[in-house]
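Subject: Structure for you to look at

Hello,

Here is the structure I promised to hand over. Please open it and keep it on screen while you read my notes.

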Amino acid sequence: MSQVAKTGIDLNRPKIDAHAHVGVFGSWCGVAITAQEMAELMPQYGIEKSIISYPDNEVALAAQKAYPDKLAALAWLNPALGEGVAQEFEGLIDRRLVVGLKLHPLFNAYVADDECVYPLMEIAAQKDLPVFVHSGHPPFSLPWSIGQLAEKFPKTRLVMVHMGHGHGVYIQSAIETAIKRDNVWLECSGMPMHTKIREAYQRVGSERLFWGSDLPFHHYAVEILRTEVSGLSPKELDDVFHDNAKKFMGWK
Ligand SMILES: [Zn+2]
């Protein structure tokens, strides 16, 4: 059954969800979703595959193992914990368990371009794996710091998750940073301004923006509608919803 919103927008346009989480997020978050719930929900919104992460990697790896065609796991690592973290990343890569790295400078309390991040950035560059960095909150995850990290590691592909998130000044900085650094991609979940999706597509480049939901923090329908009404053509929407992320991840 095709699920068409009252605006005439087809929620079933093919998609890759470049940003989602399985598991329980307690405390102020108060959100949770199981792998099974996500896998059942995805086809209802045209989502072929979701890139997932969770602070405890075992949770994301178990979800990926249960739904290998639908879910792909990132290694969520906290570089502030020190040396063992680089070894953990290499171990996960050697066992072919992860498709990239997730950094959450806000959640784990380190500045995005802190020296502690460098070893993980080097490993990601060597293995040609992308690094997804949460953006949009002072003092740890501002677009300027992520831009400095991208400048320091020009061979590492960085995804600025949320493209600045909720603050207009940060959103603009995310766009300007990606224009300056061709190793920066933008992901638009939770970013409130539909107009900035079109601006990013036009100014950063048609290949360097993609869609994500940040499930279970946000609802698929809300995230989809914002991008659908951004003013992009159907072909451009296909780039943002599906083609760009697929190409970025090297998926056939
Ligand atoms: Zn997230």
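First, a term: a residue counts as buried when its relative accessible area is under 20%. Keep in mind that this is a predicted model.

**Helix α9**

Start with α9 (220-228). Its buried residues are Tyr220, Ala221, Glu223, Ile224, Arg226, Thr227 and Glu228. That is seven of the nine residues of α9, so the helix is largely enclosed by the rest of the structure. What does the covering of these buried residues include? Among the covering elements are β1, α1 (35-41) and β4 (47-53).

**The zinc site**

Next, find the zinc ion. Which residues coordinate the zinc ion? They are His19 (NE2), His21 (NE2) and Asp214 (OD), at 2.0 to 2.3 Å. Along the sequence, the donors follow the spacing H-x1-H-x192-D. His21 sits in strand β1 (residues 15-21), while Asp214 sits in the loop between β11 (209-210) and α9, so this pair ties together parts that are 193 residues apart in sequence. Are His21 and Asp214 buried or exposed? Both His21 and Asp214 are buried.

**Helix pairs**

Now look at α7 (residues 168-180). Two helix pairs involve α7.

- α7 with α8 (residues 194-203): the axes come within 10 Å and cross at roughly 10°. The two helices are therefore roughly parallel to each other, as an angle under 35 degrees counts as roughly parallel. The crossing is right-handed. On the α7 side, Ile171, Gln172, Ile175, Glu176 and Ile179 make contact. They meet Lys196, Glu199, Ala200 and Arg203 in α8.
- α6 (residues 143-152) with α7: the angle is about 15°, and the axes are 9 Å apart. α6 and α7 are therefore roughly parallel to each other. α6 passes α7 in a right-handed crossing. Pro143, Trp144 and Gly147 in α6 meet Val169, Tyr170, Ser173, Ala174 and Thr177 in α7.

An α-helix has 3.6 residues a turn, so residues three or four places apart point the same way.

**Cysteines**

How many disulfides does the structure hold? It holds zero. Cys29 has a relative accessible area of 17%, so Cys29 is buried. Cys116 is at 22% relative accessibility and counts as partly exposed.

Best wishes

Methods
Residues are numbered from 1 along each chain as its sequence is written. This is a predicted model: local features need pLDDT of at least 70, side-chain atom pairs count only at pLDDT 80 or more; totals for chains, interfaces and linings use all residues. Side-chain values use heavy atoms; hydrogens and water are left out. Donors are N, O and S atoms within 2.8 Å of the metal (3.2 Å for Na, K and Ca); water is not among the atoms, so sites may look incomplete. Helices (H or I, at least four residues) and strands (E, at least two) are DSSP runs, numbered from the N terminus. Buried means under 20% relative accessible area, exposed over 50%, partly exposed in between (1.4 Å probe, protein chains only). A disulfide is a pair of cysteine sulfur atoms within 2.5 Å. Axes are lines fitted to C-alpha atoms, for helices over the stretch in contact, and angles run from 0 to 180 degrees between N-to-C directions. Angles under 35 degrees count as roughly parallel, over 145 as roughly antiparallel, 65 to 115 as roughly perpendicular and the rest as oblique. A crossing is left-handed if the near helix is turned anticlockwise from the far one by less than a right angle, and right-handed if clockwise. Contact means heavy atoms within 4.5 Å.
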